[in-house]
Amino acid sequence: MKELKVEAAVKNIEVVTDFVNAELERLNCPPKVRTQISIAIDEMFGNIARYAYTPNVGNAAVCFEVQENPLSVIITFIDNGKPFNPLEQTHIDTTAPVEKRGIGGLGIFLVKETMDMVEYEYKEGQNILTIKKNLV
Amino acid sequence: MNIKKKKDGNTLTVMIAGRIDTATAPEVDARINESLDGVESLILDFTNVNYVSSAGLRVLLVLQKLMMKKGGMKLIGVNDDVNDVFEVTGFDEILTYEKG
C-alpha cells in the first residue's frame, strides 16, 4: 500500500491525481479507466479540500492499494474534518429539463456510476471514503 | 488549462484546452462570462478538453440556462470521455453538442 499525505487544498488535487496516475501507469490501466479515476479524485478530494476543514485548514491522506483477481485498485481518502457522508446526498434527477436541473449531488452520482464500489465510514474522528475500480 | 476566445458579430467561440475540474472551472466560468455582452450564439470548442468533472458540468449548466434566453449554445469536438460523463449524468439531453 502507498500513502500520500497532503494539505486538504484545491491546489493539491493535481498532486493526488499525479500520485495515483503514476501507480495506474505501472498497472497498464486503460486510458478510459484512468480518466474515470481522475474525475473521481476531483470529486472526492475536491469535496474534502473545499468543505472538510473550512474555515480552517487540515491534512488529508490518500492510500492506494492493488488487489488481484480481478485486478482492481482501492483508493482511500481520510480526513479529520467535520463528519460528512457524501453518499447521503439526495437523489438527483438526470432526466429533468434544463430549467429544473440542479447541480447538487452530481459529483458523487458520477463517482457511484463509474466506480465499482464507493463506501463511507466515520471512525475515531475520521472521514474514511473508499473507492474501488476494476481495471479489467 | 488554456482558453482562447474569438468574437465574430454576435457569435463568441471559446477554445478550451485541458481539463475542466474543481481547480480550473472557476477560471473557465470567469473568462467566458466576461465576454458574453451582446453574445447571442456561444460555441465552446472542446476539441482539446480531456475531461470534465461535476465542477465543469456546473459551469456548462449555468451557461446553458443563460444562453437559452439570449440565443443558443453549442459544444463542438467533444471526445469520448467527456461524452461518457454527459451520458451518465443526463447532460446529453440538455446540451447541444457534436462529438469530435
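The largest nonpolar core of this predicted model holds 55 residues. Those that touch the most other members are A:A40, A:I41, A:M44, A:F45, A:I48 and B:V82. A nonpolar core is a set of buried Ala, Val, Leu, Ile, Met, Phe, Trp, Tyr and Cys residues, joined through C-beta atoms within 7 Å. Buried residues have 20 or more other C-beta atoms within 10 Å of their own; exposed residues have 12 or fewer, and partly exposed ones fall in between, with C-beta atoms placed from the backbone. Helix α2 (residues 31-52) of chain A gives the largest share of this core, nine residues. Helices (H or I, at least four residues) and strands (E, at least two) are DSSP runs, numbered from the N terminus. In soluble globular proteins, nonpolar side chains tend to be buried together.

The model is predicted: local features need pLDDT of at least 70, side-chain atom pairs count only at pLDDT 80 or more, and totals for chains, interfaces and linings use all residues. Residues are numbered from 1 along each chain as its sequence is written, while chains are lettered from A and ligands numbered from 1 in the order in which they are written.

Leaving aside neighbours within four places in sequence, A:F45 is in contact with A:I13, A:V16, A:A60 and A:F77. Contact requires C-beta atoms, placed from the backbone, within 7 Å. A:D42 is also found in helix α2 of chain A. This residue counts as buried because 32 C-beta neighbours lie inside 10 Å. With the neighbours within four places again left aside, A:D42 is in contact with A:I13, B:D21, B:T22 and B:S53. A:D42 and A:V111 are 69 residues apart along the chain, yet their C-alpha atoms are separated by 9.9 Å.

A:V111 belongs to the part of α3(A) that α2(A) meets. The axes of α2(A) and helix α3 (residues 106-114) of chain A come within 9 Å and cross at roughly 145 degrees. Axes are lines fitted to C-alpha atoms, for helices over the stretch in contact, and angles run from 0 to 180 degrees between N-to-C directions. The crossing is left-handed. In a left-handed crossing the near helix is turned anticlockwise from the far one by less than a right angle; clockwise makes it right-handed. From α2(A), the residues A:Q36, A:I39, A:A40, A:E43 and A:M44 take part. They meet A:G107, A:I108, A:L110, A:V111 and A:T114 of α3(A). This contact comprises six nonpolar, three polar and one charged residue. Ala, Val, Leu, Ile, Met, Phe, Trp, Tyr, Cys and Pro count as nonpolar; Asp, Glu, Lys and Arg count as charged; the others, Gly among them, are polar.

The contact between the chains takes 22 residues from chain A and 20 residues from chain B. On the side of chain B that touches chain A, α2 and α3 (80-89) of chain B are the elements that give two or more residues. The largest share, eight residues, comes from α2(B). That side of chain B divides into nine nonpolar, six polar and five charged residues.

Helix α2 (residues 54-70) of chain B has 17 residues. From first C-alpha to last, this helix reaches 24 Å, close to the 24 Å expected at 1.5 Å a residue. The expected span is 1.5 Å times one less than the number of residues. Buried residues of α2(B) include B:S54, B:G56 and B:L60.

In α3(B), the buried residues are B:V82, B:D84, B:V85, B:F86 and B:T89. Their cover includes α2 and α3 of chain A, together with β3 (41-52), α2 and β4 (72-78) of chain B. Just after α3(B), B:G90 takes a positive phi of about 80 degrees.

Several backbone features lie in loops of chain A. Most residues other than glycine have a negative phi, and most peptide bonds are trans. The peptide bond from A:T54 to A:P55 is cis, with omega near 5 degrees. A:P55 sits in the loop between α2 and β2 (59-67) of chain A. Another cis peptide bond joins A:N69 and A:P70, with omega about -5 degrees. A:N28 is not a glycine but has a positive phi of about 55 degrees. A:N28 is exposed, with 9 other C-beta atoms within 10 Å. A:E124 has a positive phi near 50 degrees, and lies in the loop between β4 (117-123) and β5 (126-134) of chain A.

Methods: Two residues are in contact if their C-beta atoms, placed from the backbone, lie within 7 Å.
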